[in-house]
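Please prepare a briefing on the structural features of the protein shown here.

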Amino acid sequence: MEWFERTKPYEADLIADLNQIVKIPSILDPNTQSDRTPFGVDMACALAKMEELAARDGFRYGRVDNMVTWIEYGPADAAETVAILTHIDIVPAGEGWLRDPFKPEILDGLYFGRGAADMKADLMSAYYAMKYLADHEITLTRKIRLIIGTDEENGWRDLPRYFEVEGEPTMGFSPDGAFPVVNGEKAFQTVQLRFANQTTGDYVLRRFIAGSRPNVVPGEARARVSVPNPAQVQNEFATYLAQYPFLSGQSEVRDQEVRLLLKGVQAHGAYPQDGENAGTYLANFLRRFAFNADAKTFLDFIGRVVHDDIGAENLGLRYHDDVMGDLTLNVGVMRFSQNGQGTILLNFRYPQGVNVQAVTTQVQRHLGDFAATVEVWPGGMEPHLVPETDELVGTLSLVYAKQTGMYMNPRTSNGGSYARLLKRGVAFGGQFPDVPVTSHQANESTPVANLTRSMAIFAESLLKLAK
């Protein structure tokens with residue numbers, strides 16, 4: 001019997017358990033952080049739910065510092081461990097949803113909900129792959145450990161601590177990428193610009209807000225401006241939007257102050273070409289007006305220097321590596337508040353051959369009149385590459401080829417998965433090549449058929465790696 005036929009009967013139960021996880025808004029919540037809930041109450045609830053499932057199904061499980069839950073199958077005293085590296089945290093829902101992002105629904109064969117693509121569905125497919133092996137009492141030589149983190153979308157403070165306590169697994173994969181095997185991941189680094197917000201004269205930028213995370217392309221931007229002729233700004237804004245059919249927005253006037261809303265296309269910051277950055281477009285529109293002081297340089301930098309420049313050519317950072325590909329830039333967060341302090345977060349993904357010093361140096365050189373300080377955010381990662389000759393890469397590649405009927409060479413990704421924390425770690429699944437990427441976007445979804453399709457690939461892969 002083919003693997004997909006073996007796993008298909010699990011579909012209803014898998015979806016029922018997935019629904020319980022998606023309903024929990026496991027987003028970093030500073031308001032409810034404590035020693036017992038280091039990333040917020042909802043995150044702790046999500047881990048507790050996974051532990052409840054593990055207890056139900058007879059798995060060994062445990063928790064490290066209330067940050068990471070592990071679930072295990074196989075000989076407890078095995079010298080070697082095959083890890084499945086996952087995370088249960090998600091990015092904020094954002095705007096533009098046609099349905100409640102925390103009330104999962106199935107429509108036209110697609111499962112909708114925040115986390116459906118990144119990565120609660122793949123977490124559950126991996127869990128059920130392990131459950132399949134346990135249900136059939138398959139004997140293993142290596143143990144399998146599903147490791148569930150809670151800070152992947154933010155500071156990566158969870159799994160490094162897990163490794164300190166539990167040690168590094170022998171090898172492993174993270175189903176937080178794409179099929180086929182992703183044996184290389186580019187570096188990722190966020191650079192923060194901090195600056196004063198002085199603005200005077202006839203044109204005053206009172207407030208500008210876009211983005212919530214450096215690794216998300218902002219889908220919405222808002223600005224409040226005081227201007228001599230509000231009607232002129234409104235008319236020109238309407239004309240500007242008409243030039244770009246992928247943008248939408250609205251404006252209103254309150255006491256000589258124009259309030260602008262511009263909507264672009266939200267996307268994962270690892271693939272900025274999939275989105276349309278609402279923040280840089282709004283700045284690109286506003287820079288035509290006679291703002292001065294810090295407002296002028298702020299709007300010029302994001303509306304001209306880094307606008308629509310995912311290759312960072314205007315910063316002198318265009319770079320290509322034959323193995324790992326191109327450097328990319330996402331302008332993830334933009335803040336300006338009159339007479340306060342402003343912030344811009346630039347998220348870079350770069351291949352081997354580039355380093356963080358080169359990135360920060362080039363950003364500093366291209367600030368022009370922009371009086372901003374350049375700081376490196378903590379938590380960045382250097383490029384990661386596992387040789388194609390490694391047993392891990394070969395085994396996973398062959399399983400994928402066998403089950404799909406199509407061999408595809410290992411490749412490099414712009415995304416960053418927990419796999420890079422292992423010396424022998426790769427990303428593997430659950431994004432199939434023929435499925436649009438919806439991670440971090442409104443109306444995030446995954447095909448229902450792929451839940452057990454991924455489960456089948458993971459189950460055979462775990463069997464071969466741990467047998």
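The briefing below is grouped by topic.

This is a predicted model, in which local features need pLDDT of at least 70, side-chain atom pairs count only at pLDDT 80 or more, and totals for chains, interfaces and linings use all residues. Residues are numbered from 1 along each chain as its sequence is written, and side-chain values use heavy atoms, with hydrogens and water left out.

**Nonpolar cores**

- The largest nonpolar core holds 62 residues, and M50, I71, M124, Y127, L146, F173 and F428 touch the most other members. Such a core is a set of buried Ala, Val, Leu, Ile, Met, Phe, Trp, Tyr and Cys residues joined through side-chain atoms within 4.5 Å.
- Helix α4 (residues 120–135) contributes eleven residues, the largest share of this core. Helices (H or I, at least four residues) and strands (E, at least two) are DSSP runs, numbered from the N terminus.
- Y127 is in contact (heavy atoms within 4.5 Å) with M50, L53, A54, D57, F59, I71 and L146, leaving aside its neighbours within four places in sequence.
- Another core, of 53 residues, lies apart from the largest one and includes A223, L260, V331 and V359.

**Strand β19 and its partners**

- Eight of the ten residues of strand β19 (residues 328–337) are buried, where buried means under 20% relative accessible area, exposed over 50%, and partly exposed in between (1.4 Å probe, protein chains only).
- β19 pairs with strand β11 (residues 204–210) in the antiparallel sense over four bridges, and two strands pair if DSSP finds at least two bridges between them. Within this pairing, I209 stands opposite R335 in β19.
- Strand β20 (residues 341–350) also pairs with β19 in the antiparallel sense, over seven bridges; I344 in β20 is the bridge partner of M334.
- Three residues separate β19 and β20 in a hairpin, and N339 in the turn has a positive phi of about 60°.

**Pocket and cavity**

- On a 1 Å grid over the protein atoms alone, a cavity is a set of points where a 1.4 Å probe fits but cannot get out, and a pocket is an open set with protein on both sides within 12 Å along at least five of seven lines; lining residues have an atom within 4 Å of a point.
- The largest cavity has a volume of about 50 Å³, and its lining is formed by A121, D122, S125, G430, F432, T446, P447, N450, L451 and S454.
- At least two residues of that lining come from each of α4, β26 (445–447) and α11 (449–466).

- S461 lies in helix α11 and counts as buried because its relative accessibility is 0%. Leaving aside neighbours within four places in sequence, S461 is in contact with L396, V399 and F428.
- G429 lies in the loop between β24 (425–428) and β25 (430–431) and is buried, with a relative accessible area of 0%.
- The C-alpha atoms of G429 and D176 are separated by 6.3 Å, although these residues are 253 residues apart along the chain.
- Not counting residues up to four places away in sequence, G429 touches S174, P175, D176, G177, A178, F179 and F458.

Technical notes: Grid points are joined across faces, edges and corners, and a volume is the space filled by probe spheres set on the points.
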